[in-house]
Amino acid sequence: MYKIAIIGGGVVGGMIAREMSKYDVRLVLLEKENDVAMGQSKANSGIVHAGYDPEPGSLKAILNVRGSQMMEEICKELNVKYRKNGTLVVGFDEEDMKRLGQLLERGRKNGVEGLEIIDGETARKMERNLSEKIIGALYAPTGAVVCPYELTTHSIGNAMDNGAELLTQFEVTEIKKIENDGNRQRTYFYEITASDGRKIQTEYVVNCAGIHSDEVAKLVGDCEFSITPRRGQYLLLDKEAGGLVNATVFRTPTVMGKGVLAVRTVDGNILLGPTSEDIEDKEDKAVTEEGLASVIAREAEFFDDIPMDKVITQFTGLRAHGNTGDFIIESPEAGFINCAGIESPGLSASPAIAEMVEEMLIEAGATGKLKQDYRPEVKGIIRFKDMTAEEKNRLIAQNPAYGRVVCRCEEITEGEILDAIRRNPPARDVDAVKRRTRAGMGRCQGGFCMPTVAELLAEELGIPFEKVTKSGEGSEITFERTKTGGDK
Amino acid sequence: MMKAANTLKADVVVIGGGPAGMSAAVAAREAGAEEVVIIERESRLSGILQQCIHNGFGLHKFREELTGPEYGLRYEEMVKKLDIIVMTETMAVDITPGRVVTAVSKERGYFSIDAGAVVLAMGCREKSRGALSIPGTRPSGVFTAGTAQKLVNIKGYMPGKRIVILGSGDIGLIMARRMTLEGAEVKAVCEIMEDSGGLTRNIVQCLRDFDIPLMLRHTVVKIHGNKRVEGVTVARVDENLKPIPGTQEYIECDTLMLSVGLIPENELSKKAGVEIDPKTRGPVVDENRQTKVPGIFACGNVVKVHELVDFVSDEGETAGRAAALFSQGKSLSVSESHKNSNSHKSAVSVPREQKKGVKHLQGSGGNTVICTICPMGCKITVDKNMNVSGNTCSRGEKYAIQEVTAPKRTLTTTMYAEGGTMVPVRTDSPVPREKLFDCMEEINSKTLILPIRSGDIIIENIEGTGANVVAAGSFL
Ligand SMILES: Cc1cc2nc3c(=O)[nH]c(=O)nc-3n(C[C@H](O)[C@H](O)[C@H](O)COP(=O)(O)OP(=O)(O)OC[C@H]3O[C@@H](n4cnc5c(N)ncnc54)[C@H](O)[C@@H]3O)c2cc1C
Ligand SMILES: Cc1cc2nc3c(=O)[nH]c(=O)nc-3n(C[C@H](O)[C@H](O)[C@H](O)COP(=O)(O)OP(=O)(O)OC[C@H]3O[C@@H](n4cnc5c(N)ncnc54)[C@H](O)[C@@H]3O)c2cc1C
């Protein structure tokens with residue numbers, strides 16, 4: 001029997017798991033995919049929003065501002081890439097400037113520090129490639145960027161290092177209440193069943209299932225809210241284009257939302273997007289020609305010259321848009337907590353969401369003693385490329401695996417790949433290795449290193465090469481051997 | 001970047017051990033450089049040739065039709081004989097304008113070499129799906145042709161079974177045949193232009209021989225499937241290469257192979273401050289193959305994409321020789337004579353006819369054959385009465401009649417060796433075309449025992465064709 005089961009291995013589930021792993025209780029994280037960070041937490045803008053955008057008083061506002069204040073420290077603890085690059089919301093006409101004034105007010109109400117309105121000239125001094133057509137901007141110095149999947153994997157890894165368990169390929173399809181035999185706090189506990197028939201039992205459930213959180217809530221009879229997928233498409237440019245922009249540049253928001261942005265990611269690539277399209281299919285992560293074209297058209301208003309020949313990939317994220325408009329963090333029945341409708345600024349807010357849920361779980365009696373040996377840090381992550389020559393040499397002498405560069409574009413070594421497969425949460429497929437190490441994320445997009453990464457996975461996992469997947473069962477890289485010389 | 005504490009010295013450092021790098025190293029040694037080092041990240045030399053197990057290499061350089069590994073082996077042997085220092089499984093990660101090369105390997109750690117001269121020979125990389133912006137999902141089963149080639153030829157695994165190939169350059173065509181021979185179904189090769197960029201010979205021997213449709217003026221507009229590719233939508237394009245609405249067609253497949261271009265690999269060159277030509281995306285070089293940074297030379301696919309390896313080797317020679325002279329403090333103009341002999345060699349360019357695509361072929365009545373006996377590549381027509389025209393020698397006539405009546409093909413494939421090594425093999429003479437699959441079956445049913453040397457006979461008189469199957473690579 002687990003004390004707490006968290007459904008969903010995204011950044012919200014991850015941050016909650018980490019927070020709760022302080023306590024001496026049995027904790028499990030249930031994730032339907034082959035790896036964590038496979039939902040919204042994988043494909044988003046990676047912005048730590050300052051907090052000027054959400055309606056004052058809303059959960060979005062409160063948790064965003066708090067989360068943004070906590071983020072830098074947490075990234076240090078978790079060894080996650082973070083850069084305070086500031087945010088510029090730019091305006092093209094007087095109408096925009098009026099709107100920016102309102103945003104400034106709203107931000108102040110929300111408690112965002114350092115906000116100011118600047119003129120076009122000043123904006124261009126900060127970002128020299130900004131269009132002459134921009135007449136002013138709202139500047140938010142506390143805006144930052146973070147690596148969202150790293151934040152997710154490292155928070156979950158940290159929770160696991162502190163004793164939490166992770167079950168992947170565990171798609172929750174049934175939650176049953178079972179009569180309790182007596183001495184616990186409630187008259188029932190939960191039995192959770194996965195699509196493959198596996199079952200676990202737990203006293204408390206936290207639903208962080210992202211885009212599917214409404215379906216999971218329904219499993220306990222809670223039909224109070226619904227989630228629609230809102231698609232966001234992006235283009236990613238090579239690091240060589242990294243000089244285009246440093247801060248996060250947004251347009252003045254309209255009723256249609258925040259609009260597209262341009263930003264240099266923590267890894268130095270340029271990210272352009274996202275679109276905002278309501279769709280029906282919660283699995284439809286396709287990139288469309290129209291979507292990309294609209295991104296390019298909007299971005300062209302920011303900059304006169306975007307080096308489109310430096311595009312290396314495109315991707316789509318699906319926002320879990322809730323019908324209430326705000327984050328839904330509540331308990332529909334004793335022992336069950338929803339974290340639903342966690343769309344933007346959910347990444348920014350995630351540490352604060354975890355804090356809030358921790359409070360709720362304490363209140364509900366789900367916690368016990370604090371662990372003596374709890375460690376909040378993720379240690380030993382090696383970024384070979386960033387080391388000095390001496391450090392590199394020492395490392396290779398200790399462990400020769402760091403002497404073999406596997407991904408040439410990002411300069412990732414075999415040692416880093418093996419570490420990703422071995423450390424918590426273990427990478428089990430090629431994409432998981434990519435998210436943890438960046439092998440295959442560079443300009444050649446894995447053309448060169450993918451076969452080697454697959455080989456290392458096969459060796460480490462003790463599986464045949466043809467069983468290695470891109471991202472879980474059904475996505476095997478190759479079919480069987482071309483020939484086996486007569487014997488099978 | 002800081003240079004590493006452990007710094008070696010060398011006269012010439014060649015980065016990349018493909019055909020360009022090997023011939024540069026050989027020429028540098030021959031021109032008197034004492035210490036010549038090749039830095040190669042793979043476990044053996046030969047570069048991309050290792051995986052190009054088909055034949056068609058060396059017609060100019062050796063007057064023979066070799067497979068890629070065989071061509072490479074000739075240079076590997078020269079490299080060995082000349083005591084060139086080969087550092088395999090070593091990645092060069094930095095070059096300074098002052099010619100300090102930094103590299104990393106398991107064996108040597110993170111180290112630098114102070115070089116008298118540097119030759120860049122890093123080859124190129126393939127354009128990926130992202131660079132093309134193909135809409136749709138991101139499932140498994142989308143490969144660049146080179147990655148697929150590595151998987152099937154070196155690793156020995158099937159990257160796909162029902163395949164659509166985008167791009168009909170030689171690499172795409174070669175892969176269409178290769179996958180077909182290994183039992184896959186190639187559903188179509190799509191080409192956005194109105195003509196294939198590949199050699200006519202490859203169109204005939206890689207597509208027509210196997211009835212693989214070539215869809216000209218078509219491109220892939222969408223990829224379907226969540227976990228694995230389930231199909232692609234293709235569409236016709238207009239004169240601006242934009243898809244024409246209403247011409248979409250769905251093709252069910254499990255794999256999409258992209259053969260849409262190569263990009264010279266110049267990240268290192270940029271670190272050395274070498275000027276890059278925005279058009280070729282390779283370094284700007286002079287007649288000695290010297291870049292704008294004195295003492296740094298470049299050759300092969302890192303400079304511009306070459307179709308024929310023979311010219312890559314020529315270029316390597318020029319660069320290697322000049323690098324040796326530079327490292328000895330000699331004037332490069334000494335190589336003037338060589339420059340001439342070199343450009344003379346390069347003047348044996350691919351005959352125009354060979355480069356024309358399939359459209360050209362279809363237009364002519366009777367049977368048109370591209371002669372592959374010598375590099376001339378005559379286009380020979382055989383009419384209904386077996387009258388031959390267009391040939392320039394009698395061998396051409398014989399070839400053309402053979403091709404029309406009983407076509408023969410050299411089979412190149414891989415063979416399974418103990419422990420799972422894939423050994424490239426070939427028939428030592430052409431076999432009747434209709435016997436190709438029988439030969440494949442026999443080859444696939446046998447297990448090789450290592451060691452094996454290139455040229456060793458593995459199967460005598462395969463399927464009664466009179467041809468022997470021989471090893472096309474050495475595994476000692
Ligand atoms: C396009 C886009 C851009 C964004 N940009 C930003 C931004 O710049 N800044 C910001 O702060 N926020 C941003 N967000 C929002 C942010 O990404 C999300 O709020 C955050 O990632 C939510 O995390 P989560 O853990 O709730 O959900 P998710 O990351 O979606 O995780 C949910 C997990 O639950 C799993 N799951 C679902 N159903 C089940 C089941 N039945 N059983 C088991 N597991 C299940 C899923 O596989 C998934 O891993 C953006 C979102 C999108 C889509
Ligand atoms: C599929 C295919 C089919 C072809 N068919 C034919 C044919 O039929 N006939 C023909 O004549 N030609 C053919 N070619 C062309 C010919 O193979 C190439 O032009 C030639 O191999 C280019 O040689 P290269 O040495 O410049 O590059 P490569 O062969 O690519 O060698 C570059 C080497 O540099 C190494 N390297 C790169 N960066 C580093 C680094 N940082 N540190 C260390 N090492 C590094 C690489 O590992 C590689 O070994 C074909 C090419 C392909 C891809």
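Lys282(A) is buried, with a relative accessible area of 14%, where buried means under 20% relative accessible area, exposed over 50% and partly exposed in between (1.4 Å probe, protein chains only). Its side chain meets that of Glu215(A) in a salt bridge (2.6 Å, N to O), a term for a side-chain nitrogen of Lys or Arg within 4 Å of a carboxyl oxygen of Asp or Glu. This is a predicted model, in which local features need pLDDT of at least 70 and side-chain atom pairs count only at pLDDT 80 or more, while totals for chains, interfaces and linings use all residues. Residues are numbered from 1 along each chain as its sequence is written, chains are lettered from A and ligands numbered from 1 in the order in which they are written, and side-chain values use heavy atoms, with hydrogens and water left out.

- Helices (H or I, at least four residues) and strands (E, at least two) are DSSP runs, numbered from the N terminus.
- Glu215(A) is partly exposed, at 37% relative accessibility.
- Arg108(A) and Glu105(A) form a salt bridge of 3.9 Å, N to O; they are separated by about one helical turn because they stand three residues apart in helix 3 (residues 94-110) of chain A.
- Arg108(A) is partly exposed at 47%, and Glu105(A) is partly exposed at 42%.
- A network of salt bridges links Lys81(A), Glu150(A), Lys239(A), Asp267(A), Arg383(A), Lys385(A), Glu410(A) and Arg438(A).

**A salt bridge in chain B, and the total**

- Arg74(B) forms a salt bridge with Glu64(B), with the closest N and O atoms 3.2 Å apart. Arg74(B) lies in helix 2 (residues 68-81) and Glu64(B) in the loop between strand 3 (55-57) and strand 4 (66-67), so the pair ties together parts 10 residues apart in sequence.
- Arg74(B) is partly exposed at 26% relative accessibility, as is Glu64(B) at 35%.
- Over all chains, the whole structure holds 66 salt bridges.

**Domains of chain B**

- The assignment, which is automatic or from a database, gives domain 1 (6-125 + 263-337), domain 2 (129-260), domain 3 (365-405) and domain 4 (412-471).
- The C-alpha centres of domain 3 and domain 4 of chain B lie 29 Å apart.
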